[in-house]
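The following report describes one predicted protein model for computational use. Its headings cover a cavity, the overall fold, a helix, backbone angles and confidence.

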Amino acid sequence: MQIFINKVGVSFDEHAHIAKIESTSRLDFIPRQKNKDSYASSKGAMEMQSFVTKNIEASLAKDINTYKKLDNEVKEIANKKYRSLPVEEVFPQGAGAYHSINYIPNAIGLYIARLLNMTVKQAYYSAKISALIINASIISFSFFLLRKYRSKFLVLIVALYPQILISLSSISADGIINATSLLFGTIILKSLLDKKIPLLFIIIAILCGISMSISKLPYLLISMLIFFIPFKYFKKDSYNKIAKILFLIPIVILPLYWNYIMKDATQHTSHNAYCCLSGVKADSKEQIKNILKNPINFTGSISEFIINFDLIEEGRIINPIEGSRNLRLNTSILFVHLILSILIVAYVEREYNDKQYFKKIAPYWILSILFTTLGIIVALYVAANSVGQFHIWGVQTRYFYPLLFFIFVVISIYTPIKLKNFSSEKILRYTIITLIILNIFSTIQLYILPRTSNTYISYYSSTQK
């Protein structure tokens, strides 16, 4: 429903991500330096980008004539054959440094659209549908892995969180990040519940860890949890620990190598372009020197960020197009979702019969969550804030969604609330019904009402006169 109701361009930076998806569908992965200090991050279909951009401009039109003009341009581009669009080198601001692995779900849809000679509009929705199918399949597999345990409802409550659900079909990197982090957490938890883990699941967990860490380097810290799986393939415990250290090597080396080869492209195609437009003078090396020189000031910046929640760009994660950045999800809807989450967490509590075993492991989960959170904040401060700036700017709450499952597991281990009398079937039925209703309201509030109260209501009124 959300795929077809949501207006084109409302996902985070769709106009930038569409170029990256386009390049991935053509197996064009690595940015190329065009001259001394400029990088092209992809070869993209320019008119596909224009289709998204003009839809955004039409949504923000201040008068009817401007809206009609842009709407006609959108329709003209939408009916062109996607396969015949000109392919040129482009600079996808804000998405240039993302690894192409993030865009495979969308890129498959674009590749199919090119094979079937679809129109631009059909290709756009083909990319969204393919992303939804792949990401939903990953999450369904996560649910399947925990099917014998109450913890499967933690997968449900996270996957149906409004912003995460919306991301699964978005033109962005967020859907696959949310899906793989949920699968990674599910495999780790299942291994702890079973007190064993098949080799195939270890391989899948390693691949998920690599994918998450390549997507955003701070997720490398949460990926370290793979070290605490109950791996007992060898008689000597020291051999098992060595094996688990070997599991960590590809999770650490590959993301670090990717960030190394992308460092110049990141500077020129992503953060530098974004920061320059925002008047921010970012310099990663100088910022690191500044932190080392003034650690007390930086500690103050972190403390202020934690206390002042207004510094988190809440609106941009949901409805980021210009003119709508202050739009937030209705507080009442979020509150109901939170209450429902607490009930599910309390219901899952009975899962952990061996409390001492889980309480021994839980502190490592807590440390991973805290250090990953801190890593996200520090990474944004270093990469996208002016050198020496006190306020930490640019951190968006969507960066923390991959941590939700891990947070809920920790809370369920320590919760004092106990729900012993609810049957599994009732919990499942009421949770699904309530979350579907919540997400319908979320979709209406975030993606339909803002536009019907702006240009469209005026446009349709004028056409009926």
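Helix 9 (residues 174-194) contributes three residues to the lining of the second largest cavity, the most of any contributor. Helices (H or I, at least four residues) and strands (E, at least two) are DSSP runs numbered from the N terminus. This cavity has a volume of about 50 Å³, and its lining consists of Val-158, Ile-164, Asn-178, Ser-181, Leu-182, Tyr-401, Pro-402 and Phe-405. Across the whole structure, five cavities of 30 Å³ or more are found.

A cavity is a set of points, on a 1 Å grid over the protein atoms alone, where a 1.4 Å probe fits but cannot get out; lining residues have an atom within 4 Å of a point. Grid points are joined across faces, edges and corners, and a volume is the space filled by probe spheres set on the points.

## Basis and overall fold

The model is predicted: local features need pLDDT of at least 70 and side-chain atom pairs count only at pLDDT 80 or more, while totals for chains, interfaces and linings use all residues. Residues are numbered from 1 along each chain as its sequence is written, and side-chain values use heavy atoms, with hydrogens and water left out.

The protein chain holds 21 helices and four strands. Of its 465 residues, 54% count as buried (under 20% relative accessible area, with exposed over 50% and partly exposed in between; 1.4 Å probe, protein chains only). Among contacts (heavy atoms within 4.5 Å) between residues at least 6 apart in sequence, 82% join residues at least 24 apart.

## Helix 12

Helix 12 (residues 237-261) has 25 residues, which at 1.5 Å a residue should span 36 Å; the end C-alpha atoms are 37 Å apart, in agreement. The expected span is 1.5 Å times one less than the number of residues. Buried residues of helix 12 include Phe-247, Leu-248, Ile-251 and Trp-258. Helix 10 (199-215) and helix 11 (220-223) are among the elements covering the buried residues of helix 12.

## Positive phi angles

Most residues other than glycine have a negative phi. Asn-117, in the loop between helix 5 (104-115) and helix 6 (120-145), has a positive phi near 55°. Lys-195, in the loop between helix 9 and helix 10, has a positive phi near 60°. Asn-117 counts as partly exposed because its relative accessibility is 25%; Lys-195 is also partly exposed, at 41%.

## Confidence

The mean pLDDT (the predictor's confidence in each residue, from 0 to 100) of the protein chain is 76, and 73% of residues reach 70 or more. Over residues 311-327 the pLDDT is below 50, although this stretch has 54 contacts in the model beyond near neighbours in sequence. Where pLDDT is low, the predicted coordinates should not be read in detail.

Conventions: 1 Å grid on protein atoms, 1.4 Å probe; cavity = no way out; pocket = protein on both sides within 12 Å on 5 of 7 lines; lining within 4 Å.
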